[in-house]
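Thanks, everyone. I'll take one interface first, then one residue. Please look at the model as I go.

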Amino acid sequence: MTAPGGVRATAAIVARGDGRGGTSLPVLEGEGPLALRRTRGSGTEARVMLVGAMSGPLGGDHFTVDARAEQGAALWIGSAAATLALPGQDKAAARYDVRLTVADGAELHWLPEQLISAHGSDLYVGTRVDLATSARLVLREEQVLGRTGEEPGRLTSRLTVRIAGRCVLDQELACGPGAPGGWDGPAGLAGHRAVGQLVVARPEFATAPPAARVLADGAAVMPLPGPAALVTAVAPDALRLRRLLDAGLASLC
Amino acid sequence: MSRAALLVLADGRFPAGGHAHSGGAEAAVKAGRITDAASLEEFCRGRLHTGAAMTAALAAAAALGVDPTGLDRAADARTPSPALRVAARKLGRQLMRAARATWPHPELDALAQRFPKGAHQPVVLGLTARAAGLGPEDAAYCSAYEGVSGPATAVVRLLGLDPFDATAVLARLAPELDRVAQDAVDAARRAMTDGVDALPARSAPLLEIGAEVHAGWPVRLFAS
Amino acid sequence: MHLDHSHHGPSAVSADAHRPDGTRRALRIGLGGPVGSGKTATVAALCRALREELSLAVVTNDIYTREDAEFLLREAVLPPERISAVETGACPHTAIRDDISANLEAVEDLEDEVGPLDLILVESGGDNLTATFSKGLVDAQIFVIDVAGGDDIPRKGGPGVSTADLLVVNKTDLAPYVGSDLARMAADAKAQRGELPVVLQSLRSEEGVRDVADWVRARLAAWTA
């Protein structure tokens, strides 16, 4: 539960094919810590950066990002910097909801920088993706447990991906102090301080699914029960994690 | 209900194929992450609160009568590793054979016909409990316990670990297992009204990755 | 819940002689015996001897999964789709006797995928003298020992030696080199087994697997009669 005193911030993005081969952004509304900026896109694509105007989320905050790529749109969303989860003054948990919706024939890249769980923080991230049958998606989430040399905060992150209404991925990661036991043990993270997921969904995968592949001791490409694949990776730090996820993405292209 | 039926179903010698699966322990031993009783305990604890918590809730929901096809899809979505999906269906099919011979029931027949190559094992387990006249708590306990007893037995074979130490690990996990089973039943009851999204989805990254590494080995002792 | 009713759909009874579509299933013969006694070599020789006249397939139960299956594949005794490896979690005797569920899936999948089949050979990984097949899995079993393992094995007995439908004493060509007394082995086996048959064979000799193949043919004739 978020505390009444926390910051509530919402960002809304709607992208639409402009009929001339480009993508327009009829809705681009951010506020406070979720300020948005349109940057130069490439080709048909519209690019949007999340530019945090203040640090956060702090305990008690509730952020929501709602992005929709409508028919014909190619939308790319990144962030200018890592998101830093910090403790609040009243020990309350923070919440960050991400809703991504992609229509038939549209494409979304959701590639924010890392989420860093600072010591003492407590954050729940819920990411819900709804894809139409012929929608395309590249989504990356990276969790870094603690700033350098620091114990992590508590972080719970649930990622669900639906394609044509059917859930193909429902996965929750819980780590840090207070998380259910064994999260850092030999089954969980085994001391790794960076963990990430990359989801690629493409209609072509329905007929030609990608092969399962081990990328390294701590990373694998896994075809999901639907036209999508997940790359899961663990690494000692954010830099090495990014390399593994990049290698996973390259292997799916 | 018959308490003795629970003992039959939960018996490690129940002939449903579990003996050939290490629950990810073989990969973790090879990677050097399980080396002794202490690391086995942490491994089992992690598995208990992730994969086993999920299978326990699925089993409890199936035992309550939640639609098994929907539960099977929920299990698929919660099992990103294709090697683990294959193992879960294989074990589901083997359990189905044992269950139909042990506690014949039309719901088991219907599920076998709907999934001739096997439904996810916890879904079959829940229906088996139902056919045996057992309840959701029983199904959740069976599934959660299998989730830790399988790796413990496998590590006795893989490392030559003292079997008394391995059994003591399971005994130390018992209070946590009680909580996991109770949470699983609570989640299963919520799934009756709110749908399968109410079921837990907690994952253990190295279990998923390790399962894929293991599936690629040309030579191994255990099927998963 | 009603527990007393008939059930429908795919067979739930493992020893059932018929497949779900009503046709007779393949005869299943198990081959067990200690490590290194020549089970896989006997399976390979049987495949070569019978593959022209019968539709057959093999299930292996390795300690290290796939080792024996790989051998059969390398030797090309059967097309790869007719060889299936069951993983046993380091315990072949569990997979062939105590919990036969994985083996039953394997034999049924072979019948579905490459059938119709006349014969399925189920080979155990090398195990000890007490390891025998469940009657729920196979219709008959062959226990393979060899002269180099010690000529006192028939005398010692054990479930494999004394109850298998056929006892094969393999590698008779080695007897002079390892000091094994073939006559004594045959007599001890007779004492343990009564009327149950014993075959002494050397796969290096001209006769090779002939006697065992003839025994298999006779079992098959009885099965399909």
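Start with one pair: B:Arg97 and C:Glu105 form a salt bridge, with the closest N and O atoms 3.5 Å apart. Keep in mind that this is a predicted model.

Now, how many salt bridges does the rule find across the interface of chain B and chain C? Eight. Polar contacts come next: 13 residue pairs between chain B and chain C, both partners at pLDDT 80 or more.

Which elements of chain B give two or more residues to the side that touches chain C? Three helices: H5 (82-102), H6 (106-114) and H7 (121-131). H5(B) gives the largest share, six residues.

Let's turn to extent. Interface size is often quoted as the accessible area lost when the parts come together. Here the area buried between chain B and chain C is about 2600 Å². Carbon and sulfur atoms give 50% of that area. In residues, 28 from chain B are in contact with 33 from chain C.

B:Ala152 sits in helix H8, residues 136-159. Is B:Ala152 buried or exposed? Its relative accessible area is 2%, under the 20% cut-off, so B:Ala152 counts as buried. What does B:Ala152 touch, leaving out residues up to four places away in sequence? B:Leu40, B:Ala166 and B:Leu170. As for B:Pro163, 11 residues from B:Ala152 along the chain, the two C-alpha atoms are 8.7 Å apart.

That's it from me.

Terms used
Residues are numbered from 1 along each chain as its sequence is written. Chains are lettered from A and ligands numbered from 1 in the order in which they are written. This is a predicted model: local features need pLDDT of at least 70, side-chain atom pairs count only at pLDDT 80 or more; totals for chains, interfaces and linings use all residues. Side-chain values use heavy atoms; hydrogens and water are left out. Contact means heavy atoms within 4.5 Å. Buried area is the accessible area (1.4 Å probe) that two parts lose on being put together, summed over both. A salt bridge is a side-chain nitrogen of Lys or Arg within 4 Å of a carboxyl oxygen of Asp or Glu. A polar contact is a pair of N or O atoms within 3.5 Å; within protein, one must be able to donate a hydrogen and the other to accept it, and residues adjacent in sequence count only if both atoms are side-chain atoms. Helices (H or I, at least four residues) and strands (E, at least two) are DSSP runs, numbered from the N terminus. Buried means under 20% relative accessible area, exposed over 50%, partly exposed in between (1.4 Å probe, protein chains only).
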